Amino acid sequence: APPLPPSSQSLTTHRMHTRLTRLVARPVMNACFYCFVLLSTSLCVLAREFNHSSQCPQWGYVHTPTFSDRYDYKPREHRHIAAVFAGILTSYSQASRDRRAAQRVTWLHKMKEVYGNDFAYRYLLPEVEFLTPHIIAENSSFNDFAIVHGYPGYHNILYKTFGGMHYAFTYFEFKFYLKIDDDAYVNAHLFRGYIDCATAMFGSRQLFIGTRFTRAQVVHDQQHQWYNDEWIKHTHLKEYVPFMSGSGYVIQYGIVDALVLLQSKLGLYWSRLEDTAVGAWLTAFNVTWLMWNNDMMIDAKEHRFNIEADVVCPRHKHLVIYHKLTKHDIEHLHNLTTGTCP
C-alpha cells in the first residue's frame, strides 16, 4: 500500500528541523573546520621554528647590564635660576645630621655670600630615609632636602647621585652641578674663582672638573667594599676607564641634560660604585676633563688627614674641596680658611 501523505503538522516539524540545521549545525561545523585548520597551521609553524632554533649557533657570551628605572625628561616650565647647584649626598644617621648642621653655617653660608641668589643646594635622600621623624623635623626647619629615587646603603650611592642631577634638571636652570658629600668642605672663594677661570678659558666647551683617576685597578675580592661585580661582567676589564673621584666634582649643565635624556630614552649602565660609573658614562662624550691641579692654580686633590694633628695653614688656603671630615673638622677648617693663620 502507498504511504500515507504526511500531515501538515509533520511537514511543519520537518521544515523547522531543516531550517535549524542550516542555521546552527552548519556554522558549528564550519567553525570546527576552521579551528582545525588554524591549529594545524600553528603546529606546523611551531615545529618549523623549533627546527630553525635548533640550528642557531650557541651564543658564547650574553650579559644584560643593570639599569635603573626610567626618569622623565621633562623640566618644569618655571625653574629657579642658579649659577651653581650643589647636590649633597647624605643619610639619616646622627653623624650626618651633625655634619649638615656644620655645613649650613660654614661653607654653604659662604657660598651664598659669594654667589648670592645664584647658588642653590639640596641634601639628597631616598624616600625611605626621608620619612624618618628627625629628618622630617629638620626639613621643616631648613627646607633643604630633596627626595630622590633610590635606596639606602653605600652601594646605592649612584641612585642618589643621578637622582640629584635629575632633580636639579627638573627644578632649576643652572650652569654647573656640584656633586659633594655631607662630610666635605668647599672653599667658596677659590671655588668661584676657578670655575669662572675655567669658563673663560674654555668658552662653550662642556666641562667635567675634579680629581681624575686613571688605570685604577678593579677589586676582585668579594669581601671588599669596592668589589664591583657588575663592572667585571660588563667589561671583563682589570682596570677602570678614567673617572673623577667621588669626593667632589663639577659637571656643566649640558652634560646633565644629556645624561637625563639618555636615561629616559635608553637607560644608563648602572654600577655599585658611583664615581667609576659616571666616568664610564662620560668617556664617550665630547667633554673637557679638567683636573684640580697647579696648571689652573689649583691644588685640591682629595686630602684625608687629621686636621688637628697635621695642619700647615697656608696649604689649606689653596685647597678647594676637603673630604672625609667630621663635624668638628668642618668647623675648624672653616676657621682656618676664612681667618688668620695661627
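Residues are numbered from 1 along each chain as its sequence is written. In this predicted model, local features need pLDDT of at least 70 and side-chain atom pairs count only at pLDDT 80 or more, while totals for chains, interfaces and linings use all residues.

**Sheet**

Seven strands form an open sheet with mixed pairing, in the order β3-β2-β1-β4-β9-β6-β10. Strands are DSSP runs of E with at least two residues, helices are runs of H or I with at least four, and both are numbered from the N terminus; two strands pair if DSSP finds at least two bridges between them. β3 (145-148) and β10 (288-291) stand at the edges with a single partner strand each, so one side of each has no neighbour in the sheet. On average, neighbouring strands of this sheet are turned by 25° against each other, direction ignored. Strand β6 (residues 207-210) pairs with strand β9 (residues 249-252) in the antiparallel sense over 2 bridges, and F208 has I251 in β9 as its bridge partner.

α7 packs on the sheet and touches β1, β4, β6, β9 and β10. Its direction makes about 145° with that of β6, where angles run from 0 to 180 degrees between N-to-C directions and axes are lines fitted to C-alpha atoms, for helices over the stretch in contact.

**Helix packing**

α6 and α10 pack at an angle of about 50°, with their axes 8 Å apart. The two helices are therefore oblique to each other (angles under 35 degrees count as roughly parallel, over 145 as roughly antiparallel, 65 to 115 as roughly perpendicular and the rest as oblique). In α6, I157, L158, T161 and F162 meet E274, A277, V278 and W281 of α10, contact meaning heavy atoms within 4.5 Å.

**Pockets**

A pocket is an open set of points on a 1 Å grid over the protein atoms alone, where a 1.4 Å probe fits, with protein on both sides within 12 Å along at least five of seven lines; lining residues have an atom within 4 Å of a point.

| Pocket | Volume |
|---|---|
| Largest pocket | about 830 Å³ |
| Second largest pocket | about 180 Å³ |

Of the 34 residues that line the largest pocket, Y154, I157, W226, H323 and K324 are the closest to its centre. The largest share of this lining of the largest pocket, 3 residues, comes from α10. For the second largest pocket, α7 supplies the largest share of the lining, 4 residues. Residues lining the second largest pocket include K175, F176, R192 and D196.

Technical notes
Heavy atoms only, no water. Points joined across faces, edges and corners; volume = space filled by probe spheres on them.
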